[in-house]
Amino acid sequence: YIYNNIGIAFRTFAGGILGGLGSIFFLVYNGLAIGAVMGHIEHMGYQENFYSFVIGHGAFELTAIVLAGAAGLRLGLALLAPGRRSRGEALLGASRRAIGMVYGVAGMLTIAAFLEAFWSPSPAPAMVKLIVGGLLWLYVLFYFLVAGRSHGS
């Protein structure tokens with residue numbers, strides 16, 4: 001789980017060096033791929049199994065991949081609009097700010113991997129998994145809207 005998720009997050013982050021286009025491409029591509037899989041599973045009638053499996057780890061995994069893309073877009077923006085600095089200086093400054101995001105992405109992907117390995121395939125009833133998954137989404141949302149904000153920003 002970790003290998004696959006880190007690979008996706010790394011490509012999404014590193015793609016930012018292409019003026020942000022790589023990050024945008026990987027975010028859109030993965031969103032379309034996930035959407036296609038979800039649509040197929042819905043059509044086949046296995047949505048309860050799928051959603052009860054994915055919701056538990058999805059809050060951390062999907063949010064982490066979006067954050068990896070945001071960190072990559074910081075790099076792309078530094079190259080496209082360096083302001084009064086050289087592109088190298090702007091890229092260095094952006095990478096210093098993005099590295100904190102990358103550390104957060106790594107932590108979130110680690111949490112997601114443990115949930116995906118141990119909670120998602122557990123024999124807990126689907127309704128319990130859906131409720132726990134909903135609470136995890138609320139936790140992540142709460143963190144980024146309230147608890148994760150630094151003072152003065």
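The model is predicted, so local features need pLDDT of at least 70 and side-chain atom pairs count only at pLDDT 80 or more, while totals for chains, interfaces and linings use all residues. Residues are numbered from 1 along each chain as its sequence is written, and side-chain values use heavy atoms, with hydrogens and water left out.

Colour the protein by pLDDT, the predictor's confidence in each residue, from 0 to 100. The average is 94, and 96% of the residues score at least 70.

Next, select Asn-5, which lies in helix α1 (residues 2–14); helices (H or I, at least four residues) are DSSP runs numbered from the N terminus. Asn-5 has 2% relative accessibility and therefore counts as buried (under 20% relative accessible area, 1.4 Å probe, protein chains only). Leaving aside neighbours within four places in sequence, Asn-5 is in contact with Glu-61, Leu-109 and Glu-116, contact meaning heavy atoms within 4.5 Å.

Now display the largest nonpolar core, a set of twelve residues that includes Ala-9, Phe-60, Met-108 and Leu-136. Such a core joins buried Ala, Val, Leu, Ile, Met, Phe, Trp, Tyr and Cys residues through side-chain atoms within 4.5 Å. Helix α4 gives the most to this core, with five residues.

Within that core, select Met-108. Beyond its neighbours within four places in sequence, Met-108 is in contact with Ala-59, Phe-60, Thr-63, Ala-64, Leu-67, Val-140 and Phe-144.

Finally, select Met-108, Leu-115 and Trp-119 in α4, which meet residues of α5 including Val-128, Lys-129 and Val-132.

Notes:
Helix = DSSP H or I, 4+ residues; strand = E, 2+ residues; numbered from the N terminus. Buried < 20%, exposed > 50% of the residue type's maximum accessible area, 1.4 Å probe, protein only.
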